[in-house]
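Please look over the sequence and the model shown here.

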Amino acid sequence: MPAPAPLHLAAEIGGPPHDDTGRLVRLARTAEEGLLDFVTLADSFGGPGPDALGALARIAPETGRIGLVPTVTTTHTEPFHVQAGVATLDWVSRGRAGWRVDVSTSAAENRLVGRRETLGPAAAWAEAGEVAEVSRLLWDSWEDDAEIRDTSTGRFVDRDKLHYVDYRGTAFGIRGPSIVPRPPQGHPVTVVDASAAVSRDTAARHADVALLRARTAEEAAALGADLRARAAAHGRDPGALRILATLVVDLGDGPAASAPDGGHFGGSPAELADLIARWHAGGAVDGFHLVPLAPDTGLARFTRGTVAALRERGLFRDRYEDTTLRGHLRLARPASQYATTGGVS
């Protein structure tokens, strides 16, 4: 019989404000002790403290293996700076970075920036797809061996291995190349919440990991099949898309609901382990993205209770086998699409 597909687990460690570095370090380390694939950090415009990308860059040196995936809103952020920030996180974490693409359709958030009219959901997600596309181009704009650091000649880079991207989007254009060398992973992992129909095509085109909310395993399987079919229609390998079910969890000691209610689960860590095992064994999803209602207590209950129970059943890893987030997710490191072409002139 073929070996079962690996189970992937991730967790949210709390939204803004992000100014309590010690708390974020503790939560990330708790997730790492549980050997989770990655943690996410939610974000929003207008709050105090650093953004999620900056906050996870700050704690990256305090962790060793856990993947770090901040929410990055593309609507009001220059695409060139988005990709540079995510690439920098990949360097700081030594290959453990991802980014969770998000959009802003709020008039109040638009007023904070004051750059243009408020975008509707469809336009905002279409633009987010363009940002994801140009980010990959810019990450590839430095070949892996572009840095030569030749002190005898004073040459830092081989100009033949830097490339213009000449990208023209609906509302922006970028010449390139990037100002950051190619990330350790080649492409940091792109995560898209595909729960809403309006974001589903962006996920199918650009996501390495798609998140979805479902009430039953059957619903999750149907949504996943739709995403994979869309990915194939865009010329992608549908098997390279990881699909995780997002569950908001309250890990108390009370009885669990018979099924998640709109993406919410209430019950004990052992009961959550039963649900995860059941959904994964049926092939509904590749794993789960858990959002504890109270991260400071719920995350530890998840890693020390649910994850431990899954490990006892032989369903989850007992050690990290890789050092990068793409490795945890069993995603190949992509080659630079510019590697065989001429450099900048």
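Helix H5 (residues 121-140) packs against H6 at an angle of about 10°, and their axes are 8 Å apart. Axes here are lines fitted to C-alpha atoms, for helices over the stretch in contact, and angles run from 0 to 180 degrees between N-to-C directions. H5 is therefore roughly parallel to H6 (angles under 35 degrees count as roughly parallel, over 145 as roughly antiparallel, 65 to 115 as roughly perpendicular and the rest as oblique). This is a predicted model, in which local features need pLDDT of at least 70 and side-chain atom pairs count only at pLDDT 80 or more, while totals for chains, interfaces and linings use all residues. Residues are numbered from 1 along each chain as its sequence is written, and side-chain values use heavy atoms, with hydrogens and water left out.

**H5 and H6**
- Pro121, Ala122, Trp125, Ala126, Gly129, Ala132, Glu133 and Arg136 of H5 meet Val198, Ser199, Thr202 and His206 of H6 (contact means heavy atoms within 4.5 Å).
- By class, this contact of H5 with H6 has six nonpolar, four polar and two charged residues (Ala, Val, Leu, Ile, Met, Phe, Trp, Tyr, Cys and Pro count as nonpolar, Asp, Glu, Lys and Arg as charged, and the others, Gly among them, as polar).
- Helices (H or I, at least four residues) and strands (E, at least two) are DSSP runs, numbered from the N terminus.

**H6 and H7**
- The axes of H6 (residues 197-206) and H7 (residues 217-233) come within 8 Å and cross at roughly 55°, which means that H6 is oblique to H7.
- On the H6 side the contact is made by Arg200, Asp201, Ala203 and Ala204, and on the H7 side by Leu223, Asp226, Leu227, Arg230 and Ala231.
- Five nonpolar, no polar and four charged residues make up the contact of H6 with H7.

- Strands S5 (residues 147-150) and S6 (residues 155-157) pair in the antiparallel sense over two bridges (two strands pair if DSSP finds at least two bridges between them).
- Glutamate 147 stands opposite valine 157 in S6.
- S5 and S6 form a hairpin with four residues between them, and glycine 154 in the turn has a positive phi of about 75°.

**Alanine 55**
- Alanine 55 is found in helix H2 (residues 52-59).
- Alanine 55 counts as buried because its relative accessibility is 3% (buried means under 20% relative accessible area, exposed over 50%, partly exposed in between, with a 1.4 Å probe and protein chains only).
- Not counting residues up to four places away in sequence, alanine 55 touches His18, Leu24, Leu41 and Pro50.
- The C-alpha atoms of alanine 55 and proline 17 are separated by 9.7 Å, with the two residues 38 residues apart along the chain.
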